[in-house]
Amino acid sequence: MTTVDVIIVGQGLAGTTLSYYLMQAGCRVQIFNRSKPETASRAAAGLYNPVTGRKMVKTWRADDIFPQIEPFYREMESLTGQKFLYSLPIYRPFLTNAERSDWSSQAVQPDYQPYIAKVYQQSSFSGFIHDPLGGILLRQSGYVDLPTFLSATQQYFREQAVYQEEIFDVTRIRFENSGIQYKDYRARWLIFCDGSDGYRNAFFHWLPYRPVKGEILLIDTGKKSNIVFNRGIFIMPFADLYKVGSTYDHQDLTFTPTEKGRSILEEKLNKLIDMPYRVVDQWAGVRPATQDRRPFIGLHPYHKTLGIFGGLGTKGVSLAPYFAQHFVQFLTKNTSLDQEIDIHRFERFYQAIS
Ligand SMILES: Cc1cc2nc3c(=O)[nH]c(=O)nc-3n(C[C@H](O)[C@H](O)[C@H](O)COP(=O)(O)OP(=O)(O)OC[C@H]3O[C@@H](n4cnc5c(N)ncnc54)[C@H](O)[C@@H]3O)c2cc1C
């Protein structure tokens with residue numbers, strides 16, 4: 001029997017980040033993961049963007065979360081010797097004159113100033129996109145090449161002998177007085193980081209997931225850029241090509257790319273882009289999103305040795321580093337959990353089914 005502190009189920013973005021910070025805190029960890037191509041983390045574009053949405057507002061908790069992003073992925077790059085962090089400005093063209101004048105004053109306000117590199121009063125990127133009214137150039141932004149990040153970190157976990165390629169079978173969990181037993185392992189905690197599979201999880205299916213499918217195109221324009229363009233959709237440089245995304249579908253939760261997805265993306269793309277392009281690939285994934293758009297983090301209301309770190313939704317790259325550290329402090333230092341992400345906010349749903 002091997003004794004560890006924490007068993008982690010899943011090595012997507014959530015499981016990787018949590019495992020790393022647990023190990024940093026001195027915990028013995030064992031990861032069980034089934035590597036499959038159809039996961040949110042492998043499908044994702046991996047963008048981190050401090051100003052989002054149609055109304056262009058600072059993203060939730062940006063001032064806490066954004067300072068952690070680049071240092072974490074850089075640290076993982078030096079740990080693994082691989083490159084996957086691409087710190088790039090994001091350019092958001094203005095749609096109206098009113099928006100342009102609002103941003104001219106907003107950009108110098110102390111709460112926005114750390115995220116705004118420049119305000120362009122006139123078109124500056126024609127030949128790439130249509131931006132007749134100018135736009136804002138964001139900083140503290142870019143993307144993480146998640147497939148490379150996951151392969152590199154998996155290799156690291158294998159070298160540390162903490163990784164097992166295996167489907168974790170919840171029916172084999174045995175509850176003990178001060179932890180759980182699973183096959184040849186004993187652990188104090190078992191934490192599920194099972195992503196969009198979580199809504200089928202026997203212990204956490206009562207949480208209000210709202211999974212959402214997204215589709216991405218890979219296009220060739222023959223032209224290079226070091227800027228991500230973003231308005232309605234993103235056009236993100238990736239090697240010599242661009243990734244274009246993404247769609248939001250709550251009905252079809254398959255990983256199959258569709259004609260409908262492609263035409264939604266192309267319709268938006270044709271309005272924004274100012275260069276000829278050719279679609280070279282298309283894929284889809286399902287985001288582990290939640291009804292209130294906040295992560296699911298914490299311990300099970302009844303089985304206190306079971307936990308969850310998930311529900312990262314559309315913003316896993318930015319949320320994972322900050323909230324993994326937050327959860328590790330809760331587990332190892334007995335600090336309290338932020339109420340906005342603590343799954344106890346939904347305990348009434350658990351009571352209703354138990
Ligand atoms: C099209 C698309 C575009 C996106 N774009 C962005 C973006 O630009 N920026 C951003 O921040 N986020 C983006 N996201 C969201 C991001 O992908 C997610 O927030 C994040 O990847 C979720 O990671 P996760 O580890 O929770 O889940 P997952 O990536 O799904 O990982 C879960 C892992 O657990 C494993 N697993 C599950 N059950 C078991 C079991 N029983 N036994 C063993 N292993 C198990 C799975 O096989 C998988 O490896 C996008 C998502 C999609 C689909």
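Me: How many residues of domain 1 and domain 3 are in contact?
Reply: This is a predicted model, and in it 7 residues of domain 1 are in contact with 7 residues of domain 3. A contact here needs C-beta atoms within 7 Å. On the domain 1 side, the residues split into 3 nonpolar, 3 polar and 1 charged. The centres of the two domains, domain 1 and domain 3, are 30 Å apart over C-alpha atoms.

Me: Which stretches make up domain 1 and domain 3?
Reply: Domain 1 takes in 2-44, 147-209 and 291-353, while domain 3 runs over 212-287.

Me: What makes Ala284 count as buried?
Reply: The cut-off is 20 or more other C-beta atoms within 10 Å. Ala284 has 22 such neighbours, so it counts as buried. Ala284 lies in strand E19, and its contacts beyond four places in sequence include Ala43, Lys213, Phe255 and Gly261.

Me: How far from Ala284 is Ile297 in sequence and in space?
Reply: They sit 13 residues apart in sequence, and 26 Å apart from C-alpha to C-alpha.

Me: How do you know what span to expect of helix H6?
Reply: Take 1.5 Å times one less than the number of residues. H6 covers residues 259-272, which is 14 residues, and the expected 20 Å is close to the 20 Å it reaches from first C-alpha to last.

Me: Why are the buried residues of H6 said to be on the same side?
Reply: The residues in question are Gly261, Leu265 and Leu269. They cover an arc of only 55 degrees around the axis, so they end up on the same side of H6. As a rule, an α-helix has 3.6 residues a turn, so residues three or four places apart point the same way.

Me: What do the two faces of H6 look towards or carry?
Reply: The buried residues pack against strands E15, E17, E18 and E19. The face turned away from them carries exposed residues, among them Glu259, Lys260 and Glu267.

Me: What makes E3 and E6 edge strands?
Reply: The open sheet has 3 strands in the order E3-E10-E6, with antiparallel pairing. E3 (47-48) and E6 (85-87) each have a single partner strand, so one side of each is left without a neighbour in the sheet.

Me: How do you know that E3 and E10 count as paired?
Reply: Pairing takes at least two bridges. E3 and E10 (residues 142-144) have 2 bridges, in the antiparallel sense, and so they qualify. Leu47 stands opposite Tyr143 in E10.

How values were computed
Residues numbered from 1 in each chain as written. Predicted model: local features only at pLDDT ≥ 70, side-chain atom pairs only at ≥ 80, totals over all residues. Helix = DSSP H or I, 4+ residues; strand = E, 2+ residues; numbered from the N terminus. Buried ≥ 20, exposed ≤ 12 C-beta atoms within 10 Å, placed from the backbone. Arc of directions from axis to C-beta. Domains from an automatic or database assignment. Nonpolar A, V, L, I, M, F, W, Y, C, P; charged D, E, K, R; others polar.
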